[in-house]
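Welcome, and thanks for taking a look at this one. Please open the model beside the text and follow along.

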Amino acid sequence: MAHDNLTLCHECDLLQCNPPLPPGGESRCVRCGCALHKHRPNSLDRTLALTLAGLVLFIVANSFPFLSFQMQGLETQTTLLSGIKDLALQGKGEVAAVVLFTSILAPGLQLLLLLIVVLPLRFGRPPPGLPRLFRWFQQLLPWGMMDVFMLGILVSVVKLMDMATIVPGTALFAFVVLIFVLAGAQAALDPDQVWERVPVPPRARRSPRTGEQVLGCGVCELVVPEQAATERGDAPHCPRCGHRLHRRKPMSLQRTWALVIAALVFYVPANLFPIMTVTSLGKTQSDTILSGVVFLLHHGMWPLAAVVFVASIFVPLLKLLILTLLLLSVQLKSRWRPRERTRLYRITEAIGRWSMVDVYVVTILVALVHLGNLASIQAEAGAVFFCAVVIITMFAANAFDPRLIWDEIDRGRPLRVTS
Ligand SMILES: [Zn+2]
Ligand SMILES: [Zn+2]
């Protein structure tokens with residue numbers, strides 16, 4: 001059996017054969033149900049077209065005014081970058097750095113890396129350093145949060161409606177289209193078709209011998225016999241993309257516990273302290289996350305209030321509870337419903353980023369409203385704690401290794417390939 005016909009499920013560690021996929025078909029793990037491979041027709045052509053469109057939109061979205069704020073004859077305009085600069089000037093550099101990375105740097109780098117990789121491949125020439133460039137692209141994926149930023153814009157506009165007139169700028173239109181184009185490029189891209197073009201050294205091409213341990217690469221999904229991965233040095237590395245290989249994420253339980261506890265500690269001040277102070281016509285009012293939700297409710301915006309409540313208050317807590325449950329179940333060597341527990345983990349990984357919405361709302365409001373005593377908005381300590389909660393819970397979900405859930409089920413079972 002050739003090496004490229006095997007997949008080691010990255011969620012339950014089951015070694016299985018890849019079935020031949022029809023155009024548009026997808027394969028799932030037979031044991032835990034996680035998505036393994038998906039065939040995407042005309043992948044390179046479609047990805048390249050969308051990436052080029054995305055780059056043009058990205059430049060427009062970052063060069064022109066985003067929103068204008070008009071109040072009593074005065075007007076302020078903001079670009080994406082000026083919002084982040086204002087936040088940094090108010091002494092909230094940590095939050096500014098996170099917003100800069102997630103709303104500008106990560107999506108921009110993703111598009112650039114995609115272009116560098118896909119353009120030469122489309123013409124049959126792998127670019128120099130392809131494995132490393134594409135690995136960076138894949139690792140950046142969870143950190144691009146333009147869709148969440150868009151929700152932040154929507155909430156901000158609703159909050160300011162009573163106070164002033166908000167006029168959308170050119171960049172906003174480019175930004176909205178860019179979100180769809182970027183999502184389309186990611187959906188069109190078939191990573192398998194890129195990795196297929198990276199040569200695998202002959203030593204790693206052999207199939208595993210009966211009973212021999214295999215390692216699966218978390219980035220390019222190559223399945224390598226353990227010996228073939230360690231031949232180059234002491235620590236095992238993927239022979240195709242160079243990623244460090246581990247049977248399980250190192251110190252997974254300890255790191256996840258530490259991050260879960262840290263996030264729980266920060267969750268308290270994040271909800272108790274105000275995230276911003278609004279000054280309007282001489283009146284000053286501080287807002288916590290919860291009072292922001294109440295504000296939306298009072299203005300009859302209950303769907304938006306529900307979204308902000310779920311994203312900012314419910315989701316971080318749910319994530320922490322699920323991670324605690326998973327940690328305890330692994331430590332108590334539980335055999336209880338491994339498939340459902342894996343699914344819970346998958347949900348935790350997927351929903352966490354939506355909690356960033358309130359951080360973006362603060363950034364946008366601070367950038368838009370700075371008319372001195374007439375109207376201004378100041379970011380407060382709660383925003384820093386809240387931003388820390390979101391980032392720490394994302395790292396916590398990343399530190400947890402779902403394969404630990406299945407270790408108890410697999411104990412004593414011989415290694416075999418499932419087809
Ligand atoms: Zn699986
Ligand atoms: Zn690899």
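## About the model

This is a predicted model, in which local features need pLDDT of at least 70, side-chain atom pairs count only at pLDDT 80 or more, and totals for chains, interfaces and linings use all residues. Residues are numbered from 1 along each chain as its sequence is written, chains are lettered from A and ligands numbered from 1 in the order in which they are written, and side-chain values use heavy atoms, with hydrogens and water left out.

## The zinc site of ligand 1

Let us begin with the zinc ion (ligand 1). Its protein donors are C9 (SG), C12 (SG), C29 (SG) and C32 (SG), at 2.2 to 2.4 Å. Donors here are N, O and S atoms within 2.8 Å of the metal (3.2 Å for Na, K and Ca); water is not among the atoms, so sites may look incomplete. The angles among the four donor atoms run from 103 to 116°, and the site is tetrahedral, a label given to four donors if all angles lie between 85 and 135 degrees. For comparison, the ideal angle for four tetrahedral donors is 109.5 degrees.

Along the sequence, the donor residues follow the spacing C-x2-C-x16-C-x2-C. C12 sits in the loop between strand 1 (6-8) and strand 2 (15-17), and C32 in the loop between strand 3 (26-28) and strand 4 (35-38), so this pair links distant parts of the chain, 20 residues apart. Helices (H or I, at least four residues) and strands (E, at least two) are DSSP runs, numbered from the N terminus. Both C12 and C32 are buried, where buried means under 20% relative accessible area, exposed over 50% and partly exposed in between (1.4 Å probe, protein chains only).

Strand 3 and strand 4 form a hairpin with six residues between them, and G33 in the turn has a positive phi of about 85°. The two strands pair in the antiparallel sense over three bridges, pairing being called if DSSP finds at least two bridges between two strands.

Because C217 lies in the loop between strand 8 (214-216) and strand 9 (223-225) and C241 in the loop between helix 8 (226-230) and helix 9 (252-272), the pair ties together parts that are 24 residues apart in sequence. C217 and C241 are buried.

## Two open sheets

Strands of a sheet pair through backbone hydrogen bonds, either parallel or antiparallel. One open sheet has three strands in the order 6-5-7, with antiparallel pairing. Its edge strands are strand 6 (74-78) and strand 7 (165-168), each pairing on one side only. The twist averages 20° from one strand to the next, taken between axes that are lines fitted to C-alpha atoms (for helices over the stretch in contact), with angles from 0 to 180 degrees between N-to-C directions. Strand 5 (residues 67-71) and strand 6 pair over five bridges, and F69 stands opposite T76 in strand 6.

Another open sheet has three strands in the order 11-10-12, also with antiparallel pairing. Strand 11 (283-287) and strand 12 (375-379) are the edge strands. Neighbouring strands are turned by 15° against each other on average, direction ignored. Strand 10 (residues 276-280) pairs with strand 12 over five bridges, and S280 stands opposite A375 in strand 12.

## Nonpolar cores

A nonpolar core is a set of buried Ala, Val, Leu, Ile, Met, Phe, Trp, Tyr and Cys residues joined through side-chain atoms within 4.5 Å. The largest has 106 residues, and F69, L160 and M356 are among those with the most contacts inside it. Helix 3 gives the most to this core, with 13 residues. A second, separate core of 25 residues includes A263, I322, L323 and I409.

## Buried residues in helices

S43 is in helix 1 (residues 43-63) and counts as buried because its relative accessibility is 1%. Leaving aside neighbours within four places in sequence, S43 is in contact (heavy atoms within 4.5 Å) with A188, L189, D190 and Q193.

D358 lies in helix 13 (residues 357-368) and, at 5% relative accessibility, also counts as buried. Not counting residues up to four places away in sequence, D358 touches I275, I289, V308, S312 and F386.

Conventions
Four donors count as tetrahedral if all angles lie between 85 and 135 degrees; four count as square planar and six as octahedral if opposite donors are over 155 degrees apart and all others between 65 and 115; anything else is irregular.
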